[in-house]
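Student: I'd like a close look at just one part here: strands and how they pair up. Please take me through that slowly, along with whatever packs around them.

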Amino acid sequence: MIRTAGALLSGALAVFAFAPFSLPLFALVSPAALFLLLKDTQPRKAAWLGWCYGCGFFGAGVSWVWVSIHVYGGASILLATLATSLFVMALALLFALQAWLLMRICRRKTTLWLGFIAIWIGFEWLRSWFLTGFPWLLLGYTWLDTPLKSLAGLAGVWGLSLMTLCLAIGSVQAMTQRSPKPLLLALALPLLSLSLPSSWTSEKPVPHLQVALVQPNISQHEKWDQSQLRTILQQHIDLSKPYQDHDLIVWPETAIPSLYYQAAPYTEDFFSHLNAVGTTLISGFPFMTYDTDNPDIRRFHNSLGIFSQGSGVYHKQRLVPFGEYVPLEQQLRGLIDFFDLPMSEFSLPEHTDLMLQVGQTQLAALICYEIAYPELSRRSALESDLILTVSNDAWFGDSLAAEQHLQIARMRALENGRWVIRGTNDGITAVIAPDGGLSQRLSREQPGVLSASIPSMQGQTPYQKLGVWPVLGISLLLLLLSLWPRPWRAFKDHPMAG
């Protein structure tokens, strides 16, 4: 009972490591506590403790899911709590499997800590793609406002997660083993971080891009009300008019809350004027295509398009379950309002442009949730001059989600050595420097426009070139060391203990 409570508490404490609290000490304490709880336990007990830890970890860290289900999905408090709990408990199964696997194959007490580090990293990576992925709350995000963040340009958020675990678990092992040897690994990556260059990329010798990011602060309850379409579009236009001399105006995700032919009567004159004066406008909007094999089948995409001074459309490649598509659609549609949210019928594209061009500037495009995928963002940004991401975090109200989402976007800037411009409906609209620092931001839940001059960047970071593979390779080596001298017999010889 004490260990169960300890696992729940240690998992929940991790939330304080992430934004908006940003206390990285908890990123060390939380996994270190789990490691101590798992020592000397049998696999089945370890799985239970891992699951409890995961319930605390995700229960505190992604509690904002409740807001979207209850406030905007129309579910009752009881039903929203049940749905959120099921989501959290399902995610926690990954920590259960992680803990079970550790105690199942790592038999030597003196090297158990190496296996803990390796398997944790493996599961963070697994979580980034398994069942479309949920790469939220990766431990590496917590070091963004410290000198140790430089490691991200070399090895991405994955390298910072590896550093976190080496420092936390290596220190615990050194104290319990009463040996300084684990400290060598614990301190290696922090010392490497402090010796790395502050930047791997440089500005291009071209004029800066003058950008205006429009934050309209449209209520989520009004956004999809078609009777409000003209008013909503006019609000975007009115906010944009003072910035017609800029190179680029950005409207946020689904700022045009209808198919374009429905919005065109209200926007065409303004877009034509922008085209005449040489200003590019990019906006989020729903885009309809027809199935190539069956023209009678229509598909809808969450897209980002150029509406003046150019052309190009990017279609979202990672969709949010229930928010943008409904798994088991035939069984769930109509049961409760949450399964019938507006625009929850989006589809993945057959193909899409990865970049949008504004003059001579190539923008890597990412919509909302996609910025949370380190490898997707890396591939999109490889040949880009800067990164553009748009979002609508109004779904999550005044919760932890917006600050966590901004923290993630800041890490993408640091990993890729690119400026990130982030346009949102109700916040947090921001301009992020290549070192992950916030250059400018708008206040939440207030209409406004952020105007900035953005340099184009050239060159690539080591992480852009190599991706996650070096960190996975190091983790595999640590796992093999934890199983030494006969790693291939770890499963075969281990008793099936309960």
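Tutor: Let's start with a rule: two strands count as a pair if DSSP finds at least two bridges between them. Keep in mind that this is a predicted model. Now for the sheet itself. Six strands make up an open sheet, in the order β6-β5-β4-β3-β2-β13, and their pairing is mixed. In general, strands in a sheet pair through backbone hydrogen bonds, and the pairing can be parallel or antiparallel. Look at the two edges next: β6 (313–315) and β13 (448–454) each have a single partner strand, so one side of each has no neighbour in the sheet. Going from one strand to the next, the twist averages 30°.

Strand β2 (residues 209–215) runs antiparallel to β13, and seven bridges join the two.

Helix α10 (residues 229–240) lies across β2, β3 (248–250) and β13, running at about 145° to β2. Helix α11 (residues 260–277) lies across β3, β4 (280–290) and β5 (298–308), and it runs at about 20° to β5.

To put it all together, follow β2: it sits between β3 and β13 in the sheet order, it is joined to β13 by seven bridges, and helix α10 lies across it.

Conventions
Residues are numbered from 1 along each chain as its sequence is written. This is a predicted model: local features need pLDDT of at least 70, side-chain atom pairs count only at pLDDT 80 or more; totals for chains, interfaces and linings use all residues. Side-chain values use heavy atoms; hydrogens and water are left out. Helices (H or I, at least four residues) and strands (E, at least two) are DSSP runs, numbered from the N terminus. Axes are lines fitted to C-alpha atoms, for helices over the stretch in contact, and angles run from 0 to 180 degrees between N-to-C directions. Contact means heavy atoms within 4.5 Å.
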